[in-house]
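Hi,

Here is the model I said I would pass on.

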Amino acid sequence: MDRRDFLTARKPKTIPAQAARFRTYSGINPYSGPWTRNEVQHLLKRTLFGSRKADIDYFLTRTPDQAVDELLNPTAPLPLPPVNDYTTVDTVAPGATWINTPVSDGTLNSNRRASFKKWWVGVMLNQDRSIREKLTLFWADHFGTETDTIGNAHYIYWHHALLRQNCLGNFKQLIKNVTIDAGMLRYLNGYLNTNTAPDENYAREFQELFTLGKGPSVAYTEDDVKKAAKIFTGWRINGTTFTVFWDASKHDTTSKQFSTYYNNTIIAGRTGADGALETDDLINMVFSKDEVSKYICRSLYRWFVYYRIDAGTETNVIAPLAQIFRASNYDIKPVLAALFKSEHFFDIQNQGCHLKSPVDHVISCLREFGVVFPNDNTEYADAYGMWNYIRNWLANLNQDIGDPPNVSGWPAYYQEPQFHELWINADTLPKRNQFTDTMITNGYTRNGKKILINAVEFAKTLPNPSDPNALIDDTLAVIYRFPLSATTKQQIKEQILLSNQAQDYYWTNAWNAYIASPTDTANYNIVNGRLKLFFQYLMNLSEYQLS
Amino acid sequence: MKRRTFLKNSVPAAAILPAVVDGYSIKAFNSNSPLMQALMDPVIDTDHVLVIVQLSGGNDGLNMVIPISTYSNYYNARTNVAIAQSSILPLTNYSLSGLHPAMTGLQSLYNEGKLNIVQAVGYPAPNFSHFRATDIWMSGSSSTDVVNSGWGGRYLNTEYPNFPIGYPNSTMPDPLAVQIGSITSLTLQGPSVNMGMSITNPTSFYNLLNNVLDPAPNNQMGDELTYVRTVASQTNLYATRIKNAANSVTAQNPYPPNNSLGEQLKIVARLVKGGLKTRIYMVNYSGFDTHSLQVNATDTTIGTHANLLKNVSDAIKAFVDDCQYLGVQDRVIGMTFSEFGRRIKSNSSGGTDHGAAAPLFLFGKQVIPGVTGTNPAIPVNTTVNDNIPFQYDFRSIYASILEKWFCVSTSTLQTILFQNFQSLNICNDAACRTTGINDPNQVAGEELITNSPNPFTAGTKIKFRTKGGHTLIQIIDMLGRVISTPVDREFTAGTYTTDFESGPLPNGVYYARLQNGPIQQVRPMLKVR
């Protein structure tokens, strides 16, 4: 690119060009190409938070199918629940979980909400080798609930637990569960939706955001929203027991006729306990539309592959995935298996083009560099304090977990045409650099504990850190997707690792001297100082934002 | 830097400013009038600049400044690389030493009175490792201490104590220091944050040098990379200032072709002339690690080392001439350094191995010209173990520049360099001989942590401002060790104080580091008797 174009370009002038360039013809045929560190890294960057070296090593010993199957079938138990990490008086003891002891008290709920969000950071940092955590975040974005709207921490936690437990299960069941979940009933006023005073909030988002989406062929009507709202009347929350119950006296028992988009379907009104079954009737009707499967597959595609879906992708990828989704009666796993095992997923065109979300940027950095946090059991208060610091960074970078901007979730996942590019702007890009700078230079100290990237310890995990060329390549093979040129690598080596010397052995000698006497401060500082500069430099390059 | 106050105080009320702007003389009523303020701003642009030229690899100083007075001992120690006496470039009115024949540029500068040659600069117990010796020079530490900050960074931290909180601002709209190249060096590392900015750093500023930047591929990865790079180029706080400064200079004196040091210095001259208030510039030129074949086997006046010295000499000469051409000659001085000199005795591969002390150059119109010190003593029968002992500690050079060029007070000097060093008469200190009252740099930005008294003897009161939430204050010694943690808890937003009792701690420099969420600020404190 001409430098002048580059500097003056306000936005990449690629959108018109993009239409002309047919991105790729690859579809969901099984991938049969090479299985090297590159492909493993690609798969892990997309399905986990970061591709730690140990994880790449691990999956390299599997076949591609085995790797995907393992990622989609978590064996680790579900994370332990959040605990009382605050000092306010609570009925549960400090260090004990509050999830089974709901309260109405506003201050306590505020503390518990904070506890939940800190805990969630810890869960992501400690994720197992499965897609579970990334998918949980995906569903949290999909349903878009906000903790500060729901208010009660009990509902918030159990809504969140529902997403995690069902993240790889059946989507239709998930929708059913979410519809009558206390957190969602609070969030979109379902608990106030009665036969005498219908509230259409949930009925609208149910169609527009959760199932059908706003695709070109979606044509439900305003009247369909009203009818759906009537069907959902009767679901209530008992404020004493904090549980959901069916109140037949609040249910609209009239029959509901839908528009031609739904083939004029009539859902017969039912009375008594049977009124609750209308919810199933409605879900069945909505899920008879192909748009549901296409909409969810597009969302998954944007989250895990790339945000632009051109005609080729729609035909060769989205349509067949949607077919699989319907054929499996909306089981999520077969769709993800087909996607991650496909030639399209491994197409070189689809590698390294993902802009990291804030969670991806922050959590991946901490995981890939193996930053050690206080023990979440024996030092839980310190651990929560550190997680809170990280949570605060995520919020600063515009991804306040638990509190997306509104029910649509984060704009980066739906806002045409920029999508993921919305994460990165004049405010957030310098902050992203500030985060990595902080982590590699001074770290964060709290209550006598410190979290910091240990540059030397990271280098020691690499196969041959005494060779500056191998050190660079092996580091990039963990933290980078963009293939740096030989010239750039040479420049980095000379200017940073060799302090402007020409011979590699100067680094080798320095590293070996440190290994020979690791307690010698001067030896340590020589390698540590250069490694810190090296990692900091890589994390400051624009290329680091790609995943 | 007291220059601004000096200028303000020197203008009497209702005086006629002896300046002509666009052909009109300006009548100034008092120093606070908007007109005077407007005039002050260009005036403050005459603030002093230091250019540091790093010669990486360990420069063979003995073949750069050649001892004529002990020529035969010099020659006998290194017959295969020695420069013939007849080829040595003489210095006007100084017969004891001369320059390498490739350094005609610096010879002219010397003869014009714009060069000071400081002999045998080094330090006790010299280290022979490139890395460690470079770190010693850049940190300004003794060879027994490992210090993680740089001397330039510590100076800038005392001059602009609140950086980077609230920067850039009207007092300092520019980077405090600029490194030409990709990597900000240890020299510019402050006690907590790096005070420098590398202007080829891809996140900040592109392509003043032909820096390597991988092209974005023609696919969607390339599209996204280009997007991020575009944001990066637009969001750097200083990019516009630097670009405007560079672009405002349309004509410069010529620089030698194919000389990367010259290219770097050319950028420095542009930025200085373009109005940046940046204090320190660093440039780097490498390749001095001449273990073998440093000279042409049949003609020792040419070869690898001669080419390096020629480029250094030509580049510096062109730079000083350009400063004159651009009218910034009274604002800029420069110094060279290399992590060590080389051995007196040459080796059998036609090169020289790692050594100790070596001469360095100070250049510019405002340096005191001449030769500081004497030729190193060279034994009659030099052995492989013989090294040039140092006459001047390299920190004396730093101290003298800080004192006489940047007008740093004695106690602050001790804060920066940890102890007192000899003051050398190497540059014009006229600007520092007036006393200012208020230094605007001290309060520029957002002041979050201060202490009083400073210097202190037993205890000092630390005042800090937190934006709320977890707040930490650590006391850190000059080696970067945490001595104590007086504050480590949750606060509501506000201003608080905490006492620091130094107890049995030795005299010296301590840093109070404030950490509040993503914010950090460091205040240097000096304990004295």
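Strand E8 (residues 177–179) of chain B pairs with E10(B) in the parallel sense, over three bridges. Strands here are DSSP runs (E) of at least two residues, helices are runs (H or I) of at least four, and both are numbered from the N terminus. Two strands count as paired if DSSP finds at least two bridges between them. Within that pairing, B:Gln179 stands opposite B:Met282 in E10(B).

Before I go on, this is a predicted model: local features need pLDDT of at least 70, side-chain atom pairs count only at pLDDT 80 or more, and totals for chains, interfaces and linings use all residues. Residues are numbered from 1 along each chain as its sequence is written, while chains are lettered from A and ligands numbered from 1 in the order in which they are written.

Back to E10(B). Strand E3 (residues 49–56) of chain B also runs parallel to E10(B), and seven bridges join the two. One of the bridge pairs is B:Val53 with B:Val283 in E10(B). Is strand E10 of chain B largely enclosed, or left open? Seven of the seven residues of E10(B) (residues 280–286) are buried, so the strand is largely enclosed by the rest of the structure. "Buried" means that 20 or more other C-beta atoms lie within 10 Å of the residue's own; 12 or fewer makes a residue exposed, anything in between is partly exposed, and the C-beta atoms are placed from the backbone. B:Ile280, B:Met282, B:Asn284 and B:Ser286 point one way from E10(B), and B:Tyr281, B:Val283 and B:Tyr285 point the other way; all are buried.

Nine of its nine residues are buried, so H6(B) is largely enclosed by the rest of the structure. Among them are B:Trp151, B:Arg154, B:Tyr155 and B:Glu159.

As for chain B overall, its secondary structure comes to 13 helices and 21 strands. Of its 529 residues, 54% are buried. Among contacts in chain B with a separation of 6 or more, 71% are between residues 24 or more positions apart. A contact means that the C-beta atoms of two residues, placed from the backbone, lie within 7 Å.

There is also an open sheet of three strands in chain B, in the order E4-E6-E5 with antiparallel pairing. Strand E4 (65–67) and strand E5 (89–91) stand at the edges, each with a single partner strand, so one side of each is left without a neighbour in the sheet. The twist averages 45° from one strand to the next. E5(B) and strand E6 (residues 94–99) of chain B pair over two bridges, and B:Leu89 has B:Leu99 as its bridge partner in E6(B). Helix H4 (residues 104–111) of chain B lies across E5 and E6, running at about 15° to E5(B). For such angles, axes are lines fitted to C-alpha atoms (for helices, over the stretch in contact), and the values run from 0 to 180 degrees between N-to-C directions.

Now the domains, whose bounds come from an automatic or database domain assignment. Chain B is divided into domain 1 (3–43), domain 2 (50–199 + 248–432) and domain 3 (448–527). The C-alpha centres of domains 2 and 3 of chain B lie 36 Å apart, and their contact takes 17 residues from domain 2 and 16 residues from domain 3. On the domain 2 side, H6 and helix H12 (410–417) of chain B each give two or more residues, and H12(B) gives the most, with three.

Chain A has domain 1 (358–398 + 415–453) and domain 2 (456–545). Their C-alpha centres are separated by 23 Å, and 10 residues of domain 1 of chain A are in contact with 10 residues of domain 2 of chain A. H21(A) supplies the largest share of the domain 1 side, four residues.

Last, the two chains together. Their contact takes 59 residues from chain A and 50 residues from chain B. Several elements of chain A each supply at least two residues to its side, including helix H1 (3–8), strand E5 (444–446) and helix H26 (521–540). The largest share, eight residues, comes from H26(A). That side of chain A divides into 25 nonpolar, 28 polar and six charged residues. Here Ala, Val, Leu, Ile, Met, Phe, Trp, Tyr, Cys and Pro count as nonpolar, Asp, Glu, Lys and Arg as charged, and the others, Gly among them, as polar.

Cheers
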